[in-house]
Amino acid sequence: MSYYSTWIQLSEDNSNQQAYIEYVKRYYAMEKNAYEIILSAYPDNGQFLEGKAKDMALKLGFTDDSMDIFVGFLDGIKSSLTNADDLDLEAVVDDTDIKLVIDYEKLYYNMRDAKADWLYKIPFWKTILTDEKMAEITREYRDANIAHSDKIGRNDPCPCGSGKKYKNCCGKRG
């Protein structure tokens, strides 16, 4: 079974609730540690973003017995890579050559989107993105996720253009 298959199986199978919770907690801790390493070394973090899978995993704090979790990390960061098409997760084995070309703005946005506050609040972001840029990305995220409704509220202006509230105009008819 591939590392990726193991990752998918263990991260989605919650039939044993306790084992599932422990696995997910372990993943989150290792994921945070890996991002702290990558972000703290920016812009000279190339040594952590390129190499053989096993070597990269060890440099990023993953253990020999957690290569499936490392591939889960790759699965999570993949949508923030400019070279995502080059990364075949199913084919990753210990000696697979990997190169991660990270779009840091997209990564920050995706962390917001995943509601992963333990990641987008890592202090090292301030060395990569300005406070203004982080605020702008946060606004973009919020704007993109505002709930929109085509339903007219009772106290909204009537869409017929009468100037009356909907409840006192066309809303009375229905």
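# Exercises on bridges and burial

A salt bridge (a side-chain nitrogen of Lys or Arg within 4 Å of a carboxyl oxygen of Asp or Glu) ties the side chain of D97 to that of K52, with 3.1 Å from N to O. The two partners come from distant parts of the chain, 45 residues apart: D97 is in strand 2 (residues 97-99) and K52 in strand 1 (residues 50-52). The model is predicted, so local features need pLDDT of at least 70 and side-chain atom pairs pLDDT 80 or more, while totals for chains, interfaces and linings use all residues. Numbering starts from 1 along each chain as its sequence is written, and side-chain values use heavy atoms, without hydrogens and water.

**Exercise 1. Work out how the protein chain is built up from helices and strands, and whether it is compact or spread out.**

Step 1: Count the elements. Helices (H or I, at least four residues) and strands (E, at least two) are DSSP runs, numbered from the N terminus.

Step 2: Along the sequence, the pattern reads α-α-α-β-α-α-β-α-α-α-α.

Step 3: The chain comes out at 23 Å, well over the 16 Å that the rule gives for 174 residues, so it is more spread out than a compact globule.

Step 4: The C-alpha atoms fill roughly 70 × 45 × 30 Å along the principal axes.

Step 5: Of the 174 residues, 35% are buried. Here buried means under 20% relative accessible area, exposed over 50%, and partly exposed in between (1.4 Å probe, protein chains only). Among contacts (heavy atoms within 4.5 Å) with a separation of 6 or more, 56% are between residues 24 or more positions apart.

**Exercise 2. Go back to the opening pair: are D97 and K52 buried, partly exposed or exposed?**

Step 1: Take D97. Its relative accessible area is 59%, so D97 is exposed.

Step 2: Take K52. The value here is 33%, so K52 counts as partly exposed.

**Exercise 3. Find the salt-bridge partner of K54, then describe where K54 sits.**

Step 1: The partner is D64, and the closest N and O atoms are 3.5 Å apart. This pair also links distant parts of the chain: K54 belongs to helix 4 (residues 53-59), D64 to the loop between helix 4 and helix 5 (67-77), and 10 residues separate them.

Step 2: Compare the two values. K54 is buried because its relative accessible area is 18%, whereas D64, at 51%, is exposed.

Step 3: List the contacts of K54. Setting aside neighbours within four places in sequence, K54 touches D64, M67 and D94.

**Exercise 4. Which residues share salt bridges in one network with E105?**

Step 1: Start with E105 and K133. Their side chains meet in a salt bridge, 3.5 Å from N to O. E105 is in helix 6 (residues 104-113) and K133 in helix 8 (residues 131-144), so that this link spans distant parts of the chain, 28 residues apart.

Step 2: Check accessibility. E105 is partly exposed at 37%, and K133 also counts as partly exposed, at 22%.

Step 3: Follow the shared partners. They join E105, K133 and E136 into one network.

Step 4: The structure holds seven salt bridges.

**Exercise 5. Is helix 5 mostly covered or mostly open, and what does it pack against?**

Step 1: Count its buried residues. Nine of the 11 are buried, making helix 5 mostly covered.

Step 2: Name them. They are M67, D68, I69, F70, V71, G72, F73, L74 and I77. M67 is also one of the contacts of K54.

Step 3: Find the neighbours. The buried residues pack against helix 1 (3-12), helix 2 (17-40), helix 4, strand 2 and helix 6.

**Exercise 6. Track down the cis peptide bond and the positive phi at K115.**

Step 1: The cis bond joins Y42 and P43, with omega about 5°. P43 lies in the loop between helix 2 and helix 3 (46-49).

Step 2: K115 is not a glycine, yet has a positive phi of about 60°. Look for K115 in the loop between helix 6 and helix 7 (117-120). With 59% relative accessibility, K115 counts as exposed.

Technical notes
The radius of gyration is taken over C-alpha atoms; the globule rule is 2.2 Å times the number of residues to the power 0.38.
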